[in-house]
Amino acid sequence: MSISIDKLDTPAVLVDIDKAFSNINKAQHYANAHGFSLRPHIKTHKLPYFAHQQVKAGAVGITCQKLTEAEIMAQAGLPDILLTYNIIGAHKLGRMVNLARQVTLSVVADNIPVVEGYDRVTAGTDIAPLRVFVECDTGGGRCGVQTADEALTITRRIMSAPNLQFAGLMTYPAAGKQAQSDQWLGQAKAVFEAAGLPIPAITVGGTPDLWTAGDMQNMSEYRPGTYIYMDRSQVAVGAATFDECALTVLATVISRPTETRAIIDAGTKTLTSDLLGQDGYGHIIDHEESRITALSEEHGTISAGADATLPGIGEKVRIIPNHACVVTNMFDHVYLVSNGKVVDRLPVAARGGVS
């Protein structure tokens, strides 16, 4: 497959394969240089192709957010998976056990009922001991135990289960609060050491602070997701440049109602309504002084800035979205491109894998 990008129907998602590979290798080299493991989060790309490339580059395994994602990646031959989500309910727990028969599986828990569910469904089975990380809230304000003592209590419950294995601590810090997270984890290590319990691994995640992860003293594994594509929000926090953004949305101008307004065929179902602190809904390559100021479901409004030139009717534009992960999940397939040519089209295998 080798056709010009301009020949594609829009809206379409383009992934510059050269930039994606460069991002994969840059992160892996950084991790290697600073002595920690990389376990990329596939919720950004949802593609077995890129998951395999990440492992080939040196990643120890992959991270998935939901069972469906993990099942699809297991079917595609990814052998080592961490599921960073509490698994609750008989049906999902049954799927978890089936998954554990196929791959080396690790899961997380931040409360005793979740651990008891893992204990109940794995007891008496033929699977290897299920590795369980204790999730800690180190400042992100989402899931996670609030204190090291709580983590210790859950750890002891894990260790009391015959077919569970304490794997370590897991956290997803808030962006910009890496030092706070590191301090929390350091205090937790002291509590565990005082109790005579070693922590096998500490896994941390988040692309915004990837390039300072080497400063952390209390981390052995990092789980970046967006780093493979990068996006406008990552550029805003200094994690990437626009030139490093591999994913773009190709859209067509369908109307020019006024001299200062153009309408494209990409709305919330294409670009996402996530602002993530940004001014507008994406960065328009070659029209940087204009802004995507409004989105409805199928329309995007480009407003001209001072001395800006708007694209004309029928012109195609490439947009770096605010949040690449959401865009991926809204398309059945993406186009891999290199040097302005389409080299392949890949189905987004784990699209919609939210259960």
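1. Two strands count as paired here if DSSP finds at least two bridges between them. The elements themselves are DSSP runs numbered from the N terminus: helices are H or I with at least four residues, strands are E with at least two. This is a predicted model, in which local features need pLDDT of at least 70 and side-chain atom pairs count only at pLDDT 80 or more, while totals for chains, interfaces and linings use all residues. Residues are numbered from 1 along each chain as its sequence is written, and side-chain values use heavy atoms, with hydrogens and water left out.

2. Eight strands make up an open sheet with parallel pairing, in the order 3-10-9-8-7-6-5-4. Its edges are strand 3 (37-38) and strand 4 (62-64), each of which pairs on one side only. Strand 5 (residues 80-83) and strand 6 (residues 104-109) run parallel and are joined by three bridges. Within that pairing, Asp-80 has Thr-104 of strand 6 as its bridge partner.

3. Helices on the sheet. Helix 3 (residues 67-75) packs on the sheet and touches strand 4 and strand 5, where contact means heavy atoms within 4.5 Å. The direction of helix 3 makes about 175° with that of strand 5. Axes are lines fitted to C-alpha atoms, for helices over the stretch in contact, and angles run from 0 to 180 degrees between N-to-C directions. Helix 7 (residues 178-194) also packs on the sheet, touching strand 7 (130-136), strand 8 (164-171), strand 9 (202-205) and strand 10 (221-223). The direction of helix 7 makes about 150° with that of strand 8.

4. Burial of helix 3. Helix 3 is largely enclosed by the rest of the structure, because eight of its nine residues are buried. Buried means under 20% relative accessible area, exposed over 50%, and partly exposed in between, with a 1.4 Å probe and protein chains only. The buried residues of helix 3 are Leu-67, Thr-68, Glu-69, Ala-70, Glu-71, Ile-72, Met-73 and Ala-74. They pack against helix 2, strand 4, strand 5 and helix 4. Just after helix 3, Gly-77 takes a positive phi of about 95°.

5. The model has 11 salt bridges, each a side-chain nitrogen of Lys or Arg within 4 Å of a carboxyl oxygen of Asp or Glu. In one of them, Lys-46 meets Glu-69, with the closest N and O atoms 2.7 Å apart. Lys-46 is in the loop between strand 3 and helix 2 (48-57) and Glu-69 is in helix 3, 23 residues apart. Both ends are buried: Lys-46 has a relative accessible area of 4%, and Glu-69 has 3% relative accessibility. Glu-71 and Arg-95 form another salt bridge, 2.8 Å from N to O. That pair links helix 3 to helix 4 (residues 90-100) across 24 residues, and Glu-71 and Arg-95 are both buried.

6. Other salt bridges. Asp-119 pairs with Arg-157, the closest N and O atoms being 2.9 Å apart. Asp-119 is buried, with a relative accessible area of 14%.

7. Helix 1 against helix 2. The axes of helix 1 (residues 17-34) and helix 2 come within 10 Å and cross at roughly 40°. The crossing is right-handed; that is, the near helix is turned clockwise from the far one by less than a right angle, anticlockwise being left-handed. Helix 1 contributes Ile-17, Ala-20, Phe-21, Ile-24, Asn-25 and Gln-28, and helix 2 contributes Tyr-49, Phe-50, Gln-53, Gln-54 and Ala-57. By class, this contact has seven nonpolar, four polar and no charged residues.

8. Backbone points to check. Most residues other than glycine have a negative phi, and most peptide bonds are trans. Thr-10 and Pro-11 are joined by a cis peptide bond, with omega about 0°; Pro-11 is in the loop between strand 1 (3-4) and strand 2 (12-16). Lys-46 has a positive phi, near 60°. Asp-286 has a positive phi of about 75° and is found in the loop between strand 13 (283-284) and strand 14 (291-295). Lys-46 is buried at 4%, whereas Asp-286 is exposed at 63% relative accessibility.

Terms used. Ala, Val, Leu, Ile, Met, Phe, Trp, Tyr, Cys and Pro count as nonpolar, Asp, Glu, Lys and Arg as charged, and the others, Gly among them, as polar.
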